[in-house]
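Here are a few notes from going through the model you sent. Have it open as you read, with the aromatic side chains displayed.

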Amino acid sequence: MTDFVPTLPLAHYTHGTPSQKASFCEGLFSALTQTGFVILTDHGIELDRLTATYQTVETFFTQAEAEKLEFMVGMDGQRGYTPFGREHAKDNPFPDLKEFWHVGREEIRPNIWPSRPASFQRDVTWLYDALDKAGLSVLEALTTSLHLPKDYFEEMAMGGNSILRLLHYPPLADDADPACVRAAAHEDINLITLLV
């Protein structure tokens, strides 16, 4: 294992020459087997639009709690709003100090959408689709080193409940429980996780 997290340009896989694609696949496999992480650049996600989407999401989270609670979901938390302090990491009795919104594949379960801000559904759907596309490219690139058919992970991922989690860490009250943290130590249970 190494402490070094490599940086790779995703465009070398999606739009590169054969040698660039081969180098990306080799670098990706090495990064994920050596550190478990890789920093992706040139991923095709428009940064100006990403910033605008984050502003839209922030606008939602700054609404009064009563307005956000209209979009609260059940205990599984797979769609819509999950309030501050509701989630805690596995085997941790203390709640995380965060709130979040989940979006997933419509064919698995319909999403719910707030009416305010008006651009929320449009912006968040764009971000979900952009990250989904990038993730599928990363998974496809892994098939080369694993000697699998190119569509191996795509078939698995498209049938799965891929989730976009939009996290918000609001300011803490002076009397916040010192045993709580923003997000307690946890394992990822997913096939792949992308962090913006």
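The points below cover the ring pairs, the charges over rings and one glutamine.

1. Ground rules. This is a predicted model, so local features need pLDDT of at least 70 and side-chain atom pairs count only at pLDDT 80 or more, while totals for chains, interfaces and linings use all residues. Numbering runs from 1 along each chain as its sequence is written, and side-chain values use heavy atoms, with hydrogens and water left out.

2. Aromatic pairs. Rings of Phe, Tyr and Trp (its six-membered ring) pair if their centres lie within 6.5 Å; planes under 30 degrees apart are stacked, over 60 edge-to-face, and the rest tilted. That rule gives 10 aromatic pairs here.

3. Y13 and F24. These two make a tilted pair, 5.9 Å centre to centre with 35° between the planes. Y13 sits in helix α1 (residues 11-14) and F24 in helix α2 (residues 18-34), so the pair ties together parts 11 residues apart in sequence. (Helices are DSSP runs of H or I, at least four residues; strands are E runs of at least two; both are numbered from the N terminus.) Both Y13 and F24 are buried, meaning under 20% relative accessible area, with exposed over 50% and partly exposed in between (1.4 Å probe, protein chains only).

4. F60 and W101. Here the geometry is edge-to-face: 5.0 Å between centres and 75° between planes. This pair links distant parts of the chain, with F60 in helix α3 (residues 47-61) and W101 in strand β4 (residues 99-104), 41 residues apart. F60 counts as buried because its relative accessibility is 0%, and W101 is buried at 0% too.

5. Charges over rings. The test is NZ of Lys or CZ of Arg within 6 Å of the ring centre and within 35 degrees of the ring normal. K21 lies over the face of Y13, 5.9 Å from the ring centre. R165 does likewise for F100, at 3.7 Å.

6. Q63. Is this residue, at 12% relative accessibility, buried or exposed? Q63 counts as buried, and you'll find it in the loop between α3 and α4 (65-69). Its side chain reaches the backbone oxygen of F60 at 3.1 Å. The Q63 side chain also makes a polar contact with the side chain of R116 (3.3 Å). A polar contact is a pair of N or O atoms within 3.5 Å; within protein, one must be able to donate a hydrogen and the other to accept it, and residues adjacent in sequence count only if both atoms are side-chain atoms. Leaving aside neighbours within four places in sequence, Q63 is in contact (heavy atoms within 4.5 Å) with K68 and R116.
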